[in-house]
Amino acid sequence: MEKQPDINLVILEKEDEVARHQTGRNSGVLHAGVYYRPGSSKAALCRKGKKDLESFCEREAIPFNRCGKVIVAVSDHETTRLKELHARAQENDIHCELIGADRLAELEPHATAVAALHVPETGVVDFGMVAWRLAELIRNLGGEIRTNVQVVDGSEGSTCTRVETTGEVVEARLVINCAGLWADHVARLFGVHSPVQLVSFRGEYVELAESARKYCRGLI
């Protein structure tokens with residue numbers, strides 16, 4: 001909207017506020033992109049996305065912590081895989097270092113391994129806070145976020161696309177499907193039958209008690 005102030009932007013959100021699902025309920029990790037195949041879209045998007053998000057957080061005073069990560073090998077057999085990850089990370093232009101047990105003890109005194117890959121640029125952020133700030137900016141620029149509105153059907157006409165919801169029909173020149181884990185379902189409502197299906201999985205994240213936080217300095 002900053003680049004095109006003349007557009008009318010309407011966001012349809014089925015919950016009563018943004019970030020109620022995956023965006024506000026994930027690990028919060030700002031991934032460096034170690035695992036992705038070099039040259040792939042996923043690797044490129046991860047690198048660019050991390051850079052853009054950190055710049056956004058700095059500009060909007062959203063706290064994030066570049067705490068670093070160590071990927072550990074607990075046996076000599078696993079060091080082969082660790083070296084492969086190191087080579088892949090270097091191809092993805094990620095600053096990282098193969099380290100031994102002594103250096104690991106300096107970074108994470110309570111971690112035990114025969115070797116590790118240290119990725120200092122990995123960080124964490126509250127993605128819910130990022131989403132809430134984005135929503136605030138959209139509203140400040142004149143955009144509208146309609147909550148408690150679920151998309152139930154849609155169709156393309158000659159001049160516009162009709163989006164049917166639980167409460168109204170919205171007509172738009174351009175519709176962007178950004179429904180997250182429901183994106184394939186929403187696409188099918190508009191007659192788009194992609195061979196790609198989103199499969200969700202449950203992640204468990206815990207917060208260390210204050211007395212136990214000394215045992216883990218970063219991501220392991």
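Visitor: Is cysteine 96 buried or exposed?

Guide: Cysteine 96 is buried, its relative accessible area being 11%; here buried means under 20%, exposed over 50% and partly exposed in between, with a 1.4 Å probe and protein chains only. The model is predicted, so local features need pLDDT of at least 70 and side-chain atom pairs pLDDT 80 or more, while totals for chains, interfaces and linings use all residues. Residues are numbered from 1 along each chain as its sequence is written, and side-chain values use heavy atoms, without hydrogens and water.

Visitor: How many disulfides does a search of the whole structure find?

Guide: The search finds 0 disulfides, a disulfide being a pair of cysteine sulfur atoms within 2.5 Å. Cysteine 96 takes part in none, as the nearest cysteine sulfur, in cysteine 46, lies 13 Å away. Cysteine 67 is partly exposed, at 25% relative accessibility.

Visitor: Which residues make up the largest nonpolar core?

Guide: In soluble globular proteins, nonpolar side chains tend to be buried together. A nonpolar core is a set of buried Ala, Val, Leu, Ile, Met, Phe, Trp, Tyr and Cys residues joined through side-chain atoms within 4.5 Å. The largest one here has 12 residues: Ala32, Val34, Ile71, Ala73, Leu82, Leu85, Ala89, Ile94, Cys96, Ala115, Leu117 and Val119. Two or more of these come from each of β4 (69-73), α2 (76-91) and β6 (115-119); such elements are DSSP runs, helices (H or I) of at least four residues and strands (E) of at least two, numbered from the N terminus. Beyond four places in sequence, leucine 82 touches Ile71, Ala73, Leu98, Ala115, Ala116 and Leu117, where contact means heavy atoms within 4.5 Å.

Visitor: Where is glutamate 60 found, and what is it in contact with?

Guide: Glutamate 60 sits in the loop between α1 (41-59) and β3 (64-65). At 18% relative accessibility, this glutamate 60 counts as buried. Leaving aside neighbours within four places in sequence, glutamate 60 contacts Arg133 and Leu137.

Visitor: Where is aspartate 184 found, and is aspartate 184 buried or exposed?

Guide: Aspartate 184 belongs to helix α5 (residues 183-189). With 13% relative accessibility, aspartate 184 counts as buried. Residues up to four places away in sequence not being counted, aspartate 184 touches Val196, Gln197 and Leu198.
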